[in-house]
Amino acid sequence: MLSQALSSAASKLVRADGRPVEWAVSKGLVGYEAAVAAMEARAAAIAAGEAAELVWLLEHPPLYTAGVSSKDDDLLDATRFPVHRTGRGGQFTYHGPGQRVAYVMLDLNTRGKDVRAFVRGLEQWVIGALGEFGVPADVRESRVGVWVERKGPGWSREDKIAAIGVKVRKWVSFHGISLNVEPDLSHFGGIVPCGIAEHGVTSLVDLGVLATMDEADEALKASFGRVFGAVVDGVGLI
C-alpha cells in the first residue's frame, strides 16, 4: 500500500538536495518513434548533467509496443495497429487515446541507485494516484503492473489498470508507466497484455470513475510528490 512508499527502502527515492523534477504535459497525440527519440535525448542530457529530471505526460495514437521480454505468440493481431519494438523492460502493451503515458526521466545516481526500489516507487506512485479517486489498487509479486480486484455476486476477478516498463542507462531512467483513464479497452484484444492471458484490463471509467485526463494528471502529480519529491512546471519535449 502507499505506506510502503514511506519505508526506509523507498525514502532514498527523494533527492537529498530537494531539487524538483520538471513536470510537463503534451496536448494532442504524440507519435511513438518521435517521443522515444526525444526521451532518449533528454535522458542522455540528464546523465551528462546538462538537463533537469523530467516527467513527461502524453497520449499516443493507437499502437502496440514490445518490450525486451516479449514473445511473438503474444501478438495476436499484427495488422491491427503499428507494432514498435522497444528497449524497455516487459512484454507487449497497448498505448492509445484515453490512456495517460508518463515517461519518467530521473537521475537514480541521486536517488539511491536501486532499480528495484525505483520500480516499487513507480508502483506506489500509481497506487497513490488511484487512491485520490477512492480506487483501491495493489501489485502482485508474480505479475507486473498495478491491479484492481473486482467483485460481484458470486464472482471476483483482478484486472490490470496500469502498466510499468522502464529502462535505465547510466543510472538515468526512461520509459515509465501507462494509466488507463478512458481508452478503448477492446484495443487490448490484439495482444496478450504483458504476457498475462488469465486476467483482464480495466480503466478508471470502466470502474465507474468518470475522471477527465486533467483530473488524472492532478492525481498523478500529487502522488508523485509523496513518493519522489517536489515537482515544478516544465515543457514537453514535443
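This is a predicted model: local features need pLDDT of at least 70, side-chain atom pairs count only at pLDDT 80 or more; totals for chains, interfaces and linings use all residues.
1. Lys160 first. Lys160 has no salt bridge, meaning a side-chain nitrogen of Lys or Arg within 4 Å of a carboxyl oxygen of Asp or Glu. Glu123 is the nearest side chain of opposite charge, 9.5 Å away. Lys and Arg count as positive, Asp and Glu as negative; His and the chain ends are not counted.

2. Where does Lys160 sit? Strand E9 (residues 155-169) holds Lys160. Leaving aside neighbours within four places in sequence, Lys160 is in contact (heavy atoms within 4.5 Å) with residues including Val146, Trp147, Asn180 and Cys194.

3. Next, helix H3, residues 115-131. Twelve of its 17 residues are buried, so H3 is largely enclosed by the rest of the structure. Glu123 is one of the buried residues. Asp114 caps the N-terminal end of H3: a side-chain oxygen of Asp114 lies 3.2 Å from the backbone nitrogen of Arg116.

4. The largest nonpolar core has 38 residues. Such a core is a set of buried Ala, Val, Leu, Ile, Met, Phe, Trp, Tyr and Cys residues joined through side-chain atoms within 4.5 Å. H3, E9 and helix H4 (213-228) are among the elements that each supply at least two residues of this core. A second, separate core of 18 residues includes Trp56 and Val172.

5. Phe228 is among the residues with the most contacts inside the largest core. Not counting residues up to four places away in sequence, Phe228 touches, among others, Phe118, Leu122 and Trp125.

6. On reading the values: local features need pLDDT of at least 70, side-chain atom pairs count only at pLDDT 80 or more, and totals for chains, interfaces and linings use all residues. Residues are numbered from 1 along each chain as its sequence is written, and side-chain values use heavy atoms, with hydrogens and water left out.

Definitions and conventions
Helices (H or I, at least four residues) and strands (E, at least two) are DSSP runs, numbered from the N terminus. The expected span of a helix is 1.5 Å times one less than its number of residues. Buried means under 20% relative accessible area, exposed over 50%, partly exposed in between (1.4 Å probe, protein chains only). A polar contact is a pair of N or O atoms within 3.5 Å; within protein, one must be able to donate a hydrogen and the other to accept it, and residues adjacent in sequence count only if both atoms are side-chain atoms.
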